Amino acid sequence: MKKYLITGFSGFVSHHFLEYLDSLEEKIQVQGIDINKPDFDYNSFKNIDCSFNMMDLLNKEDVDDIIYQFQPDYILHLASFSSVAFSWQNPVVSFTNNTNIFLNLLEQVKNLGLKCRILSVGSSEEYGNVNEKDIPLKEDSKLNPVSPYAVARVSQELLSKVYVDGYDLDIALTRSFNHIGPRQKDIFVISSFVKKIVEIKHKNTEPKIATGNLEIIRDFLDVRDVVRAYYEILQRGKKGEIYNICSGEGTSLNTIVTMISNILEIEIETLQDPSLVRPNDNKIIIGDNTKITSEIGWKPTISLDKSLRDIVKYWEKEYESIN
């Protein structure tokens with residue numbers, strides 16, 4: 001039975017990854033670790049046997065112990081403070097956490113001589129501000145991180161290469177673009193938009209929402225496609241290689257608001273709030289997924305419209321449950 005160690009176990013990406021593993025109908029053992037308790041029943045899966053330990057990955061002794069006890073075949077490293085906005089507000093906490101927790105994992109895998117594959121999850125934010133002529137971004141495009149979060153992700157990537165080249169650790173890497181989907185917290189922009197517009201519709205309040213810069217363009221991808229890519233890279237990705245996980249299509253936040261409004265059949269007025277505009281925000285990020293599609297055979301299957309409709313259903317259900 002294959003064994004997966006998942007950090008950031010309680011997050012929305014992990015929950016979707018577990019559902020994907022369960023759908024494979026293979027017996028799989030999972031050890032989850034997170035600083036927070038999961039808000040889902042991890043014992044409810046049919047095919048995967050889950051255990052969970054609440055711990056801070058900055059505590060090296062705890063990390064060493066659980067890796068020694070569990071001896072994973074795969075490590076999916078999802079734990080991070082993944083909000084760019086949070087990293088601007090708390091740069092020291094964000095940077096220290098996002099680099100040191102990864103280093104703790106690598107050290108113990110190296111020290112035990114474990115033959116396990118590690119997936120280092122990075123971010124499209126690593127590309128930073130780019131010229132439109134450089135779009136779509138390929139894995140060999142120049143990195144220009146412009147936020148504390150993005151710098152931490154680049155550092156994680158460099159650490160991975162050090163441990164692959166210096167200690168022969170089996171690490172594959174991603175640069176994951178903006179993933180969205182049901183159950184994502186409303187600290188993230190798309191989930192926040194949908195939640196606000198659902199509330200406006202049901203409470204019949206003034207149809208206005210405060211936003212940051214709606215002109216920015218991002219490459220949105222459904223989280224269910226993302227976790228399938230993570231699984232495929234864990235199985236067939238090449239050691240030391242980086243893979244863009246993206247749709248290859250760019251959509252402005254303005255268009256996203258219009259699409260949500262159309263789904264909910266409500267006209268929304270947007271008002272820019274300067275406090276929501278990030279300093280030095282990337283204007284356009286669109287990825288090229290040729291490498292992962294040609295080498296691994298993965299490609300996205302869920303449309304942006306389908307993702308937004310499922311997020312709307314999620315927030316409507318949440319609204320109804322508390323009212």
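Tutor: Gln235 sits in helix α7, which spans residues 223–236. Helices (H or I, at least four residues) and strands (E, at least two) are DSSP runs numbered from the N terminus. The model is predicted: local features need pLDDT of at least 70, side-chain atom pairs count only at pLDDT 80 or more, and totals for chains, interfaces and linings use all residues. Residues are numbered from 1 along each chain as its sequence is written, and side-chain values use heavy atoms, with hydrogens and water left out.

Gln235 has a relative accessible area of 30%, so it is partly exposed. The classes are buried (under 20% relative accessible area), exposed (over 50%) and partly exposed in between, with a 1.4 Å probe and protein chains only. Leaving aside neighbours within four places in sequence, Gln235 is in contact with Tyr4 and Tyr74, where contact means heavy atoms within 4.5 Å. Lys299 is 64 residues from Gln235 along the chain, and their C-alpha atoms are separated by 15 Å.

Helix α7 also holds Asp225 and Arg228, which are 3 residues apart and therefore separated by about one helical turn. These two form a salt bridge, with the closest N and O atoms 2.8 Å apart; the term means a side-chain nitrogen of Lys or Arg within 4 Å of a carboxyl oxygen of Asp or Glu. Asp225 and Arg228 are both buried.

The structure holds 18 salt bridges. One of them pairs Arg183 with Glu19, the closest N and O atoms being 3.1 Å apart. That pair links distant parts of the chain, 164 residues apart: Arg183 is in the loop between β7 (179–180) and α6 (189–203), and Glu19 is in helix α1 (residues 12–23). Arg183 is partly exposed at 27% relative accessible area, and Glu19 is partly exposed at 33%.

Another salt bridge joins the side chains of Asp134 and Lys133 (3.4 Å, N to O). Here Asp134 is partly exposed, at 35% relative accessibility, whereas Lys133 is exposed, at 70%.

Away from these pairs, Ser147 lies in the loop between β5 (117–123) and α5 (148–167). Its relative accessibility is 6%, so Ser147 counts as buried. Apart from neighbours within four places in sequence, Ser147 is in contact with Val84, Ser87 and Trp88.
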